[in-house]
Amino acid sequence: MVEVEGGTVRDNNSHFGRPTVISAFGGHRITYLFAGAMTAMVYYVLLGLGLLAFEDGVPYLFLVVVSHLMTVVIVYPWYRLVVFRDSGYSWPAGYLRFYVVGLSFLAASVVGVPLLVELAGVPIMVAQGMVIVTSPPLSYAINRAWVFRDRGKV
């Protein structure tokens, strides 16, 4: 069992002390995994609601794009404040960098989902899940090295 005391623990990955409870659970890799799961859940809920609400009235690729945009707006604060603990950039500049990374994964969805849906007959939500499974390791590396890098070490 892990004892958690009040206060903070400083490490080389943060400008600020991070609560010991986060450190006790493995630092930002664990919070990143949680954030990734949260991001996927938010995205799936938004996409699923969009598909249910609009059925065949709106192209599913439009819903993929809109759900992605809404998800990035919703989850960015969690990544900035909890996972990577600031980036040294202003909120708007950090968000733009975060969204640029997100655009590469949106592109993967816009290409991959139709291929799986139209050519292989895979349901939309399953196809999107298949595309998303490949993104977390690459997304972590890009976000850590570019979006939320410690500008003091550059």
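**View 1. Thr-71 and the residues it touches.** Leaving out residues up to four places away in sequence, Thr-71 touches Thr-39, Val-42, Tyr-43 and Leu-46; contact here means heavy atoms within 4.5 Å. Thr-71 itself sits in helix 3. Helices are DSSP runs of H or I with at least four residues, strands are E runs of at least two, and both are numbered from the N terminus. With a relative accessible area of 3%, Thr-71 is buried. Buried means under 20% relative accessible area, exposed over 50% and partly exposed in between, with a 1.4 Å probe and protein chains only.

A quick note on what you're looking at: this is a predicted model, where local features need pLDDT of at least 70 and side-chain atom pairs count only at pLDDT 80 or more, while totals for chains, interfaces and linings use all residues. Residues are numbered from 1 along each chain as its sequence is written, and side-chain values use heavy atoms, with hydrogens and water left out.

**View 2. The whole chain, for orientation.** The protein chain has 6 helices and 2 strands, and reading along the sequence gives β-β-α-α-α-α-α-α. Of its 154 residues, 40% are buried. Take the contacts in the chain with a separation of 6 or more: 61% of them link residues 24 or more positions apart. The chain exposes about 8900 Å², with carbon and sulfur atoms supplying 72% of that; the areas come from the Shrake-Rupley method with a 1.4 Å probe, and for residues only the protein chains shown count as cover.

**View 3. The largest nonpolar core.** This core has 26 residues, and those with the most contacts inside it are Leu-47, Tyr-79, Val-83, Phe-98 and Val-113. The elements giving it two or more residues are helix 2 (28-54), helix 3 (60-83), helix 4 (91-119) and helix 5 (124-132). A nonpolar core is a set of buried Ala, Val, Leu, Ile, Met, Phe, Trp, Tyr and Cys residues joined through side-chain atoms within 4.5 Å.

**View 4. Helix 4 against helix 5.** These two helices pack at an angle of about 130°, with their axes 9 Å apart. Helix 4 contributes Ala-108, Ser-109, Gly-112, Val-113, Leu-116 and Val-117 to the contact, and helix 5 contributes Ile-124, Ala-127, Gln-128, Met-130 and Val-131. Axes are lines fitted to C-alpha atoms, for helices over the stretch in contact, and angles run from 0 to 180 degrees between N-to-C directions. Helix 4 and helix 5 are therefore oblique to each other: under 35 degrees counts as roughly parallel, over 145 as roughly antiparallel, 65 to 115 as roughly perpendicular, and the rest as oblique.

**View 5. Val-131 in helix 5.** Val-131 lies in helix 5 and is buried, at a relative accessible area of 13%. Setting aside neighbours within four places in sequence, Val-131 is in contact with Ala-108, Ser-109, Gly-112, Val-113 and Leu-116. Val-110 is 21 residues from Val-131 along the chain, and their C-alpha atoms are separated by 9.8 Å.

**View 6. Two exposed residues, Leu-33 and Glu-55.** Leu-33 is found in helix 2 and is exposed, with a relative accessible area of 57%. Leu-33 and Val-83 are 50 residues apart in sequence, yet 9.2 Å apart in space, C-alpha to C-alpha. Glu-55 belongs to the loop between helix 2 and helix 3. Although Glu-55 isn't a glycine, its phi is positive, about 40°. Glu-55 is exposed too, with a relative accessible area of 59%.
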